[in-house]
Amino acid sequence: MALNLCPHPLQLLSVSSERSQMGIVRKNSPLLISLQSLGGQSSPLLQSYSHGGSASVSRAVKEEQTQSYGSAETEISEINPSSSKLVLVVGGTGGVGQLIVASLLKRNIKARLLLRDPAKAKSLFGLQHENSLKIWKGDTRNPDDLDSAIFEGVTHVICCTGTTAFPSRRWNGENTPERVDWEGVRNLVSALPETIKRIVLVSSVGVTKCDELPWSIMNLFGVLKYKKMGEDFIRSSALPFTIIRAGRLTDGPYTSYDLNTLLQATAGKRRAVVIGKGDKLVGEVSRLVVAEACIQALDIEFTEGKIYEINSIEGEGPGNDQEKWRALFKAAEEN
């Protein structure tokens with residue numbers, strides 16, 4: 001049965017087989033949490049997300065930035081999704097993940113999040129209609145959290161979990177590269193049903209060069225080794241996959257009081273995209289570009305079973321134009 005905590009109810013569906021308005025929650029399943037019921041005011045997310053190093057936190061996106069990847073809407077919470085996709089985003093409150101979720105909502109694509117701390121989603125995405133966004137509390141590091149009910153109806157998966165390359169406070173609670181980038185990815189892939197149409201994994205450039213400078217420095221505590229192990233596990237599975245190896249991440253993570261601010265985030269001048277193969281790229285990439293690449297890869301059929309590296313440079317980019325993204329991925333195949 002549901003528990004209502006007034007005056008702002010946090011609706012926790014009991015771990016039983018009872019049917020509820022959110023669907024069927026199986027016995028011993030994680031707690032499914034509706035963002036609609038996370039009432040009250042929440043402080044903005046003040047934790048940084050990094051990929052191979054530390055990153056500063058931006059409290060909000062500056063108003064003077066232009067050329068955004070998607071314009072803001074005045075009201076997005078009461079949308080009626082038109083897409084047949086249901087995308088599970090794992091790591092959806094991280095630096096890349098929050099931008100993926102915001103973009104999915106903007107596109108009217110249904111999203112499901114698997115989070116250790118669902119309250120963080122409220123601070124980033126506000127109150128969303130339950131048909132647009134559902135939250136499951138769970139941790140990929142713990143196989144028991146990955147109940148099959150989480151994946152019911154899911155058509156696509158984007159995994160953008162990660163931690164810092166070097167010891168930091170983010171390693172507290174066994175949040176190390178081994179637990180997140182290897183064990184977490186292995187557990188997730190093992191739990192996914194065969195009906196998944198595509199899983200996109202965000203990894204890192206340099207994973208095949210752990211013994212070469214500068215990658216050997218980045219890999220002092222194993223982050224590249226464990227990311228490569230996660231890649232290899234996906235490749236050896238029967239699931240259709242695409243792996244996006246990102247350069248050093250820039251822009252963000254973004255912190256906002258509302259979804260509209262996230263949708264106004266920009267990549268500044270670094271909007272042009274460079275896609276390569278063979279782990280040859282060295283450079284930086286905007287988190288916005290990585291987020292868009294993940295979403296685009298879901299629908300570009302020839303990216304299935306492929307691994308790409310991605311950077312961004314100064315210049316005009318593809319935005320969310322699928323034909324331009326197809327051309328970029330195709331050019332990487334031909335080079």
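This note goes through a predicted model, point by point.

1. Conventions. The model is predicted, so local features need pLDDT of at least 70 and side-chain atom pairs count only at pLDDT 80 or more, while totals for chains, interfaces and linings use all residues. Residues are numbered from 1 along each chain as its sequence is written, and side-chain values use heavy atoms, with hydrogens and water left out.

2. Overall content. The protein has eight helices and 15 strands; helices (H or I, at least four residues) and strands (E, at least two) are DSSP runs numbered from the N terminus. Of its 335 residues, 56% are buried, where buried means under 20% relative accessible area, exposed over 50% and partly exposed in between (1.4 Å probe, protein chains only). The accessible surface is about 14,800 Å², and carbon and sulfur atoms hold 48% of that; these areas come from the Shrake-Rupley method with a 1.4 Å probe, and for residues only the protein chains shown count as cover.

3. Contacts along the chain. Taking contacts (heavy atoms within 4.5 Å) between residues at least 6 apart in sequence, 76% join residues at least 24 apart.

4. Helix 1. Nine of the ten residues of helix 1 (residues 97-106) are buried, so this helix is largely enclosed by the rest of the structure. Among them are Gly97, Gln98, Ser103 and Leu105.

5. Helix 3. Asn187 lies in this helix and is buried at 10% relative accessibility. Leaving aside residues up to four places away in sequence, Asn187 touches Thr140, Arg141, Asn142, Pro143 and Leu146.

6. Helices 7 and 8. The axes of helix 7 (residues 287-297) and helix 8 (residues 322-334) come within 11 Å and cross at roughly 90°. Helix 7 is therefore roughly perpendicular to helix 8. Axes here are lines fitted to C-alpha atoms, for helices over the stretch in contact, with angles from 0 to 180 degrees between N-to-C directions; under 35 degrees counts as roughly parallel, over 145 as roughly antiparallel, 65 to 115 as roughly perpendicular and the rest as oblique. Helix 7 contributes Val289, Glu292, Ala293 and Gln296 to the contact, and helix 8 contributes Gln322, Trp325 and Phe329.

7. Aromatic pairs. Rings of Phe, Tyr and Trp (its six-membered ring) pair if their centres lie within 6.5 Å; planes under 30 degrees apart count as stacked, over 60 as edge-to-face and the rest as tilted. The count by this rule is five pairs. Phe166 and Phe221 have ring centres 6.2 Å apart and planes at 85°, so they are edge-to-face. Phe166 sits in the loop between strand 9 (156-159) and helix 3 (177-191), and Phe221 in the loop between helix 4 (215-218) and helix 5 (223-236), 55 residues apart. Phe166 is partly exposed at 29% relative accessibility, as is Phe221 at 41%. Together with Trp171, these two residues form one aromatic cluster.

8. The pair within helix 8. Trp325 and Phe329 make a tilted pair, 6.1 Å centre to centre with 35° between the planes. They are four residues apart in helix 8, so about one helical turn separates them. Both Trp325 and Phe329 are buried.

9. Gly319. This residue is in the loop between strand 15 (306-313) and helix 8, and is buried with a relative accessible area of 18%. The C-alpha atoms of Gly319 and Val273 are separated by 9.5 Å, the two residues being 46 apart along the chain.
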